[in-house]
Amino acid sequence: ILKTLLLPTKVGGINLRNLLSHGFLSTLDRRWLSLTLVLIQTLDSCCVSVDDTKMMTKQRDISSLTKYDPMKSEVDYGKALLSSSSRMHGLESASCRGDFVPSSHQNLFRFTLHELGTSCLSSTLNTQTIPPLTTIFITSMSSLLEHSLRLVWCRVNDRMEESIARPASYYVTLDGHGQKDKHEVMISPYLCDDCTRNKLVT
């Protein structure tokens, strides 16, 4: 079952890991996406023993981030957004009004924000700590962010054909871990031909 779920299509799988981790959620059959979210949600409970319970409720120290003025303003802004449900709803509405979060991903985006809000609004926030983030929030938000950035990359570089997952083709990704010579990397200053400037970062 795991081989079928995780392996690439060229060897008989449905490439679920890559499709999810790189943000191609709209290409997944609803049942596979649902199964993936359930499995991810289960990870938090399966990986936490009785001895780890205190760690799950422990606030994570972010004081090192606030030592730098540019980061401090970003952290302060983020914590202000997380301080009330009305501000979280405002963030959701503003994000879904534009085209950064595509309509195909907006329901998952709302669900992901709900996960974040549940974690943060149930905690006592201060200027030096944040509550632990759930596995499903980290997985979903990183996937959403990568795909939204991919769509921007495709628009500015006039490469809209690469906005979808194509069988037997490499994806445009946020990182080039291990195979950056085989596919486009969103944050690289040049495209794969090493001559054309990447308009997303120029």
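Hi everyone, this is a short tour of one protein chain, from its overall layout down to a few side chains.

A word on the ground rules before we look around. This is a predicted model, so local features need pLDDT of at least 70 and side-chain atom pairs count only at pLDDT 80 or more, while totals for chains, interfaces and linings use all residues. Residues are numbered from 1 along each chain as its sequence is written, and side-chain values use heavy atoms, with hydrogens and water left out.

Let's start with the layout. The chain has 8 helices and 2 strands; both kinds of element are DSSP runs numbered from the N terminus, helices being H or I with at least four residues and strands being E with at least two. Reading from the N terminus, the order is α-α-α-α-β-α-α-α-β-α. Of its 202 residues, 35% count as buried. For the cut-offs, buried is under 20% relative accessible area, exposed is over 50%, and partly exposed is in between, with a 1.4 Å probe and protein chains only. The chain exposes about 12,600 Å², and carbon and sulfur atoms supply 59% of that. Those accessible areas come from the Shrake-Rupley method with a 1.4 Å probe, and for residues only the protein chains shown count as cover.

For contacts, meaning heavy atoms within 4.5 Å, take those with a separation of 6 or more: residues 24 or more positions apart account for 52% of them.

Now to the inside. In soluble globular proteins, nonpolar side chains tend to be buried together. By nonpolar core I mean a set of buried Ala, Val, Leu, Ile, Met, Phe, Trp, Tyr and Cys residues joined through side-chain atoms within 4.5 Å. The largest one here has 22 residues, and L19 and F109 touch the most other members. Two or more residues of this core come from each of α2 (16–21), α3 (30–46), α6, α7 and α8. Helix α7 gives the largest share, 4 residues. Apart from this core lies another, of 5 residues, including C154, V172, M186 and L191.

The side chain of R150 reaches the backbone oxygen of V172 at 2.7 Å. That is a polar contact, a pair of N or O atoms within 3.5 Å; within protein, one must be able to donate a hydrogen and the other to accept it, and residues adjacent in sequence count only if both atoms are side-chain atoms. Setting aside neighbours within four places in sequence, R150 is in contact with H22, F24, E162, S163, V172, T173 and M186.

Beyond residues up to four places away in sequence, E146 touches S21, H22, V172, T173, L174 and M186.

Next, the charged pairs. How many salt bridges does a search of the whole structure find? There are 6, a salt bridge being a side-chain nitrogen of Lys or Arg within 4 Å of a carboxyl oxygen of Asp or Glu.

One of them joins D76 and K72, whose closest N and O atoms are 2.9 Å apart. Both lie in helix α5 (residues 69–81), 4 residues apart, about one turn of the helix. D76 is partly exposed at 34%, and K72 is partly exposed at 36%.

Another links R110 and E92, at 3.2 Å from N to O. R110 is in α7 (residues 106–121) and E92 in α6 (residues 85–97), so this pair ties together parts that are 18 residues apart in sequence. R110 is partly exposed, at 31%.

Then there is E184 with R159, at 3.1 Å from N to O. Both lie in the segment after α8, and the pair ties together parts 25 residues apart in sequence. E184 is buried, at 7% relative accessibility. Salt bridges that share partners join R159, E161, E162 and E184 into one network.Last stop, the surface. L65, Y68 and M71 make a nonpolar patch of about 300 Å². Patches are made of residues with over 30% relative accessible area and no salt bridge, joining like charges within 9 Å and nonpolar side chains (Val, Leu, Ile, Met, Phe, Trp, Tyr) within 5 Å. M71 is found in helix α5 and is partly exposed, at 37% relative accessibility.
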